[in-house]
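Here are my notes for anyone opening this one for the first time. Have the sequence and the 3D view side by side, and take the points in order.

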Amino acid sequence: MSNKSDQPSVDRRQFIGGTVAAAGALTLAPGVILHAASEKGKAPSGASGNHRWGMLIDANKCAEGCSACVEACNNEHGLTGFDRPATDAVWIRPVKLKDKQTGHVNRLVMMCQHCEHPPCVDVCPTNASFKRIDGVVLVDRHRCIGCRYCMMACPYKARSFVHEALTDQSVNAPRGKGCVESCTLCVHRIDAGVMQTACQEACDKEGHSAILFGDLKDPNSEISRVLKSRNSVQIRADLELNTGVRYLNL
Amino acid sequence: MRSSLISKRLLIILLAGLLLPAMQAIGESRYVTKNSKAASLDSCVAPTDEIRRNHMDFLQHSRDDTVIDGIRGLKYSLSECIDCHASRDSSGQAVSVTSEGEFCQACHGYVAVSPACFQCHRTTPAESGGGDSLGYHSDAQTHVWDVQQPAGRQRD
């Protein structure tokens with residue numbers, strides 16, 4: 001048997017083979033382990049290509065002076081600041097758009113737009129930036145080297161860089177110095193079957209209901225029905241990124 | 001002849017004297033800390049020998065499955081290692097698994113390994129429960145979430 005691994009051979013450690021198999025994982029060769037199933041005998045399903053998660057934000061309902069979604073996001077993901085606005089991590093931020101000719105002001109929240117063709121993924125030299133099969137654009141921090149090309153590439157300025165060493169991170173979002181990060185569309189909730197992001201929950205609680213999260217691939221989901229019946233826009237639609245986050249009344 | 005025999009014996013005694021405490025330390029006390037949940041349990045999620053030899057591979061497989069494919073509730077989970085193995089001080093506060101003599105640090109310090117896990121992952125159990133509280137497990141259906149399900153999405 002060819003063995004490039006530094007692990008001991010199966011012959012020498014046969015007792016491990018027995019115990020690994022008993023534990024629900026199969027040892028094929030030294031260092032190669034197939035995960036068969038979870039301990040409770042039910043295979044964990046994971047993300048599915050049958051869904052594409054997205055968001056619809058109603059600019060008319062986004063209330064002046066409200067930052068409930070930002071606080072909820074910070075709380076959910078343990079985003080603690082150092083009182084340095086230039087470098088503190090921001091995953092969702094309120095933005096004001098003013099039409100200089102008419103003076104009309106729009107308020108909306110800006111975050112990772114979860115593009116179908118994400119520029120951040122195109123430029124990433126280590127494949128740390130990736131799009132999950134269900135359309136969520138994420139950073140794999142195990143691979144991120146902190147080069148910040150993705151931050152340059154993102155037309156929405158959606159990503160942050162962690163500049164300082166952190167402790168006591170949230171289990172929802174392990175994060176640390178030297179990695180780029182952005183809105184994860186609350187993947188930990190999606191994976192747990194909770195179909196509501198922290199920002200939507202907070203916005204609903206405030207009574208504004210400006211944020212609607214849902215499955216863009218499911219024609220019966222609320223978000224799909226609203227998108228079908230009303231005129232929504234993508235920001236910088238000219239880039240043809242097909243964003244997962246869309247806006248109403250913009 | 002006689003003198004060399006004595007020196008050999010002395011050397012062996014000296015070596016044994018040095019090795020025994022080290023072996024005891026690594027062999028018995030260091031992998032479970034007192035006042036941790038683990039100390040009250042019979043075994044880990046797999047036999048101790050296996051975990052000690054292969055925990056890094058188990059965690060590496062799990063991390064890629066979880067981050068890239070969104071598969072949660074795997075058998076091996078770093079947050080659960082910490083939930084179970086972090087000890088508590090006299091005031092009931094959780095002690096970081098990377099502080100001197102604690103679960104992770106004790107062995108990694110001994111073998112001079114610096115894992116990068118804790119640059120990002122927290123080193124104490126989360127106040128409101130760890131991985132369990134996120135409903136990561138296949139028995140997540142028993143959790144009651146006070147939220148709406150969008151139409152068309154069936155929780156299975």
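Predicted model: local features only at pLDDT ≥ 70, side-chain atom pairs only at ≥ 80, totals over all residues.

1. A term to start with: the bend at a residue is the angle between two axes, one fitted to the seven residues ending there and the other to the seven starting there. With that in hand, look at H2(B), which bends by about 70° at B:Asn54. B:Asn54 is also among the buried residues of H2(B), along with B:Glu50, B:Phe58, B:Arg63, B:Thr66 and B:Val67.

2. Chain A has a mean pLDDT of 86, with 82% of its residues at 70 or more. The part to be careful with there is residues 16-42 of chain A, where the pLDDT is below 50; even so, this stretch has 55 contacts in the model beyond near neighbours in sequence.

3. Chain B averages a pLDDT of 75, and 66% of its residues score at least 70. Within chain B, confidence is lowest in helix H1 (residues 2-29), at a mean of 62, and highest in H5(B), at 94. Residues 129-156 of chain B have a pLDDT below 50, and that stretch has 55 contacts in the model beyond near neighbours in sequence.

4. Chain A has seven helices and twelve strands, and 40% of its 250 residues are buried. Chain B has five helices and zero strands, with 28% of its 156 residues buried. Taking contacts with a separation of 6 or more, residues 24 or more positions apart account for 57% of them in chain A and 54% of them in chain B.

5. Which strands make up the open four-stranded sheet of chain A, and in what order? The order is E10-E3-E12-E11, with mixed pairing. Strands E10 (211-215) and E11 (232-233) of chain A sit at the edges with a single partner strand each, so one side of each has no neighbour in the sheet. Helix H7 (residues 222-229) of chain A packs on this sheet and touches E3, E10, E11 and E12, its direction making about 110° with that of E10(A).

6. Inside that sheet, strands E3 (residues 53-58) and E12 (residues 245-248) of chain A run parallel and are joined by four bridges. One pair to click on is A:Leu56 and its bridge partner in E12(A), A:Arg246.

7. For antiparallel pairing, go to E4 (residues 92-98) and E5 (residues 105-111) of chain A, which pair over seven bridges. Here A:Val95 has A:Leu108 of E5(A) as its bridge partner. E4(A) and E5(A) form a hairpin with six residues between them, and A:Gly103 in the turn has a positive phi of about 80°.

8. Is A:Asp83 buried or exposed? It counts as exposed, because it has 5 C-beta neighbours inside 10 Å. A:Asp83 is in the loop between helix H2 (68-77) and E4 of chain A. A:Asp83 and A:Glu116 are 33 residues apart in sequence, and their C-alpha atoms are 34 Å apart in space.

9. In soluble globular proteins, nonpolar side chains tend to be buried together. The largest nonpolar core in this model has 51 residues, and those with the most contacts inside it are A:Ile57, A:Cys69, A:Cys199 and A:Ile211. Among the elements of chain A that give two or more residues to this core are E3, H2, E5, E10 and E12. Leaving out residues up to four places away in sequence, A:Ile57 touches A:Cys62, A:Leu108, A:Val109, A:Ala210, A:Ile211, A:Val245 and A:Tyr247. A second, separate core of nine residues includes B:Cys81, B:Phe103, B:Cys104 and B:Phe118.

10. Last stop: why is helix H3 (residues 78-85) of chain B described as largely enclosed by the rest of the structure? Because six of its eight residues are buried. These are B:Leu78, B:Ser79, B:Cys81, B:Ile82, B:Asp83 and B:His85. Their cover includes helices H2 (48-69), H4 (103-110) and H5 (117-120) of chain B.

Methods:
Residues numbered from 1 in each chain as written. Chains lettered and ligands numbered in written order. Buried ≥ 20, exposed ≤ 12 C-beta atoms within 10 Å, placed from the backbone. Contact = placed C-beta atoms within 7 Å. Pairing = 2+ DSSP bridges. Axes fitted to C-alpha atoms, helices over the stretch in contact; angles between N-to-C directions. pLDDT = per-residue confidence, 0-100. Core = buried A, V, L, I, M, F, W, Y, C linked by C-beta atoms within 7 Å.
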